[in-house]
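Welcome to a short tour, one selection at a time. Please open your viewer and get ready to click along.

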Amino acid sequence: MTTSAQNKSSGFFRGLLAVMALAALWVTALPSDSSASTAANTVIRNTVSVNYQDTASHAMPQVQATVDITVALVNATPTLSAPADQATNAGTPIGYTYTITSNANGPDTYTLTAAVTGQSGGISGSTAAAPASVTLGATTIATAVTIAAASTTAITVPNDALSNASVNGIASGNTVVINGAVYTVASIVDNGGTVGGTSTITVNGNGTASGLLPVGTIIGQQATFTMTVTPGTVTAAANQTVTVTTTAKGGGVPVAASDVTVTTVNVATLGVTTEVSLAGTPWVALGLQAAPGASLYYRITVTNSGSSNATSVVITDPLPPYTTYTAGSARQAV
């Protein structure tokens, strides 16, 4: 009977452990590619203790077994800002400042690209460039918290695996986004490496108190980068456009965040008119008659109806046949 009872007890614990193991696996599988409720690099330790006595009812040394599960990084498409379209002059590069915000549950490196995807017919050879990548930290809230409008608020987060004055890549001075609101990290208390422990991220208030932020809310780092458009060669006397698509893609995520900018390239558009007059007569463009030996006055007008200045402008006016130039008679008015 004793053996039978022991077998039954052993079978019960086997069943209980199986349920507990299933529950642990379910927790690690909860995050999807769009959200994550536990920070990456969090170590979940399950320790089982067994106390027992021998047949003489003497307590025997406790035995234990431990298993650790490290929460995996859940990649996610970042949030990319959409800066306003701009204008520049021909031959003058212009920069677009982007913000990129992590939506992952841990540090991730985002690949950045900038490609010219369209040019109007009067410009060619334009280029666009962005940094190759940017790495952003991220973690999650471990204890529900309300962030104060002013002063600072300490937020409890899971420990990561390292003790290095940052928590999952987030350090003092970083900008972070929590539930859509932007904050600056005032300080970090990093207890990394302690299994099952917590660290603290303290943020400055942004002027508006948050609601109660639940456990699992992502704290994602936000950073900036510059995408530069360099206009190519303009061959038309009218403004041109350069269309650029900028993308940011997280590791293992098929969908990239993207934004399209249209840069207007301003050019000079010059026009010229020439008029003639006899002394004391109105300026005319045609139809004037003059007797031999009369003094003719010519007026040349150059206008710029474009959006950019013209440089190195040279006006050439050859002397018409049957005329001579009166030295020192030329004048320029601006």
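By the ring-pairing rule used here, this predicted model holds 1 aromatic pair. Select Tyr-98 and Phe-225 to see the pair: the ring centres lie 5.3 Å apart and the planes meet at 10°, under the 30 degrees cut-off, so the two rings count as stacked.

Tyr-98 belongs to strand E5 (residues 94-101) and Phe-225 to strand E17 (residues 218-230), so the pair ties together parts that are 127 residues apart in sequence.

Are these two residues buried or exposed? Tyr-98 has a relative accessible area of 0%, so Tyr-98 is buried. Phe-225 is buried as well, at 6% relative accessibility.

Next stop: select Ser-307, in the segment after strand E22 (296-304). Ser-307 has a relative accessible area of 44%, so this residue counts as partly exposed.

Which residues does Ser-307 touch, leaving aside neighbours within four places in sequence? Show Asn-89, Asn-239, Asn-266 and Val-267, which are in contact with Ser-307. Look at Asn-239 here: its side chain and that of Ser-307 are joined by a polar contact of 2.9 Å. Then turn to Asn-89, which is 218 residues from Ser-307 in sequence, while their C-alpha atoms are 8.3 Å apart in space.

Finally, zoom out to the whole protein. You will find 1 helix and 22 strands. Of its 334 residues, 29% count as buried. Among contacts between residues at least 6 apart in sequence, 68% join residues at least 24 apart.

How values were computed. Residues numbered from 1 in each chain as written. Predicted model: local features only at pLDDT ≥ 70, side-chain atom pairs only at ≥ 80, totals over all residues. Heavy atoms only, no water. Helix = DSSP H or I, 4+ residues; strand = E, 2+ residues; numbered from the N terminus. Buried < 20%, exposed > 50% of the residue type's maximum accessible area, 1.4 Å probe, protein only. Contact = heavy atoms within 4.5 Å. Polar contact = N/O pair within 3.5 Å; in protein donor to acceptor, adjacent residues only side chain to side chain. Phe/Tyr/Trp six-rings, centres within 6.5 Å; stacked < 30°, edge-to-face > 60°.
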